[in-house]
Amino acid sequence: MTHIITSICLRDGACVEVCPVDCIVPGFPESEWPWYFIDPDTCIDCGACVPECPFEAIFVEDEVPDAYEMAAGQERIPFRGPRYAADGGEVVDLTEDIKPNYDFFSRWAGLRLSAVAVFRVMLTGDRLVAVPVSFVRPPHDARRASRS
Ligand code: SF4
Ligand code: SF4
């Protein structure tokens, strides 16, 4: 079991700082992997990330809704489609977002994606660079201040 981030994630990164095992990472390249993703092998299902998400995009895997009703103006980024704002009332199957979560970590198997590593590996354009976690994740107080 794991928690799953779905296509109503808008990549603000708020969930990352509360995860006690640092298993949430941004998809990259963003054009192919549009959301943040949770490493299913590391997630301990603590649930801390769920209330932190301003868009309520995170679910326990078994509770991902297959008939999720979009609110008027709510934005979504389908896995293979453009970001859009809903008119309201559209019903979407968010269980289709489960597979990309697993696929992302399969795709990058061999790279240490978890932020518990000294370095986080990120793909920027066509360059593969290693960025210190402290650079990727600003100090806790600074992140809190930037969101207030
Ligand atoms: S449920 Fe807990 S361990 Fe899993 S991604 Fe969310 S905060 Fe991290
Ligand atoms: S807090 Fe929600 S919207 Fe922000 S990155 Fe995490 S899952 Fe996506």
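**The surroundings of the ligands**

Modeller: Sorted by class, the residues in the shell around ligand 1 are 11 nonpolar, two polar and one charged. Here Ala, Val, Leu, Ile, Met, Phe, Trp, Tyr, Cys and Pro count as nonpolar, Asp, Glu, Lys and Arg as charged, and the others, Gly among them, as polar. The model is predicted: local features need pLDDT of at least 70, side-chain atom pairs count only at pLDDT 80 or more, and totals for chains, interfaces and linings use all residues. Residues are numbered from 1 along each chain as its sequence is written, while chains are lettered from A and ligands numbered from 1 in the order in which they are written.

The shell of ligand 1 has 14 residues, and C19, C43, C46, A48 and C49 are the closest. A residue belongs to such a shell if its C-beta atom, placed from the backbone, lies within 6 Å of the molecule. C23 sits in the loop between β1 (3–5) and β2 (24–26). Strands are DSSP runs of E, at least two residues long, numbered from the N terminus. C23 is buried because 23 other C-beta atoms lie within 10 Å; the cut-off for buried is 20 or more other C-beta atoms within 10 Å of the residue's own, all placed from the backbone.

Ligand 2 is also surrounded by 14 residues, the closest being C9, D12, A14, C15 and C53. Its shell divides into 10 nonpolar, one polar and three charged residues.

C15 leads on to other parts of the chain. Apart from neighbours within four places in sequence, C15 is in contact with I24, Y36, C49, E52, C53 and I58. Contact here requires C-beta atoms, placed from the backbone, within 7 Å of each other. Among these partners, C49 is one of the residues closest to ligand 1, and C53 is one of those closest to ligand 2.

C15 is also among the residues with the most contacts inside the largest nonpolar core, along with I5, I24, Y36, F37 and I58; this core has 22 residues. Such a core is a set of buried Ala, Val, Leu, Ile, Met, Phe, Trp, Tyr and Cys residues joined through C-beta atoms within 7 Å. At least two residues of this core come from each of β1, β2, β3 (36–38) and β4 (58–60). With three residues, β3 gives the most.

Technical notes:
Helices (H or I, at least four residues) and strands (E, at least two) are DSSP runs, numbered from the N terminus. A residue is buried if 20 or more other C-beta atoms lie within 10 Å of its own, exposed if 12 or fewer, and partly exposed in between; C-beta atoms are placed from the backbone. Two residues are in contact if their C-beta atoms, placed from the backbone, lie within 7 Å.
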